[in-house]
Amino acid sequence: MAKTLVTIASIGSGVAVLACLFTVGYIFNDINSFYDDVIDTMTEFKFNEQQAWNSMMKPTDVFGRIKRGINKRNAQCNYLTR
């Protein structure tokens with residue numbers, strides 16, 4: 001009787017250990033898939049963010065006016081040449 005209980009407990013324990021190993025493998029694979037998806041999404045987000053930033057920062061000269069501060073280094077002071 002005791003031998004039978006030990007055998008059943010051993011088999012049950014072995015099945016539980018194998019189930020845990022398969023579950024750990026499944027969770028590991030699921031986490032790696034999630035990580036890859038997040039990295040892909042972040043790469044796409046960075047690309048979209050950079051495109052949006054570049055379109056906002058593109059200098060637009062709609063009315064043909066000279067923007068202030070562009071040629072400050074080339075500007076000359078008129079009071080020094082008098």
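1. Which helix does Leu-18 lie in? Leu-18 lies in helix 1. Bear in mind that this is a predicted model.

2. Start with the overall fold. The protein has 1 helix and 0 strands. Helix 1 covers residues 2–57.

3. Next, the surface. The protein has 82 residues, and 0% of them count as buried. Its accessible surface is about 8400 Å². Carbon and sulfur atoms account for 64% of that surface.

4. Now the annotation. An unreviewed UniProt entry marks residues 6–28 as "transmembrane region". In the model this span is 100% helix and 0% strand. Its end C-alpha atoms are 33 Å apart.

5. Back to Leu-18. Together with Val-17, Leu-21 and Phe-22, Leu-18 makes a nonpolar surface patch. How accessible is Leu-18? Its relative accessibility is 48%, so Leu-18 counts as partly exposed. Partly exposed sits between the buried limit, under 20%, and the exposed limit, over 50%.

6. There is also a charged patch. Which residues form the patch of negative charge on the surface? They are Asp-36, Asp-37, Asp-40 and Glu-44. Asp-36 belongs to helix 1. Asp-36 has a relative accessible area of 44%, so this residue is partly exposed.

7. Leu-18 lies in helix 1, and Asp-36 lies in helix 1.

Technical notes:
Residues are numbered from 1 along each chain as its sequence is written. This is a predicted model: local features need pLDDT of at least 70, side-chain atom pairs count only at pLDDT 80 or more; totals for chains, interfaces and linings use all residues. Side-chain values use heavy atoms; hydrogens and water are left out. UniProt positions are given in the numbering used here, feature names are shortened, and annotations may be inferred rather than shown by experiment. Helices (H or I, at least four residues) and strands (E, at least two) are DSSP runs, numbered from the N terminus. Patches are made of residues with over 30% relative accessible area and no salt bridge: like charges are joined within 9 Å, nonpolar side chains (Val, Leu, Ile, Met, Phe, Trp, Tyr) within 5 Å. Accessible areas come from the Shrake-Rupley method with a 1.4 Å probe; for residues, only the protein chains shown count as cover. A salt bridge is a side-chain nitrogen of Lys or Arg within 4 Å of a carboxyl oxygen of Asp or Glu. Lys and Arg count as positive and Asp and Glu as negative; His and the chain ends are not counted. The place of a charge is taken as NZ of Lys, CZ of Arg, CG of Asp or CD of Glu. Buried means under 20% relative accessible area, exposed over 50%, partly exposed in between (1.4 Å probe, protein chains only).
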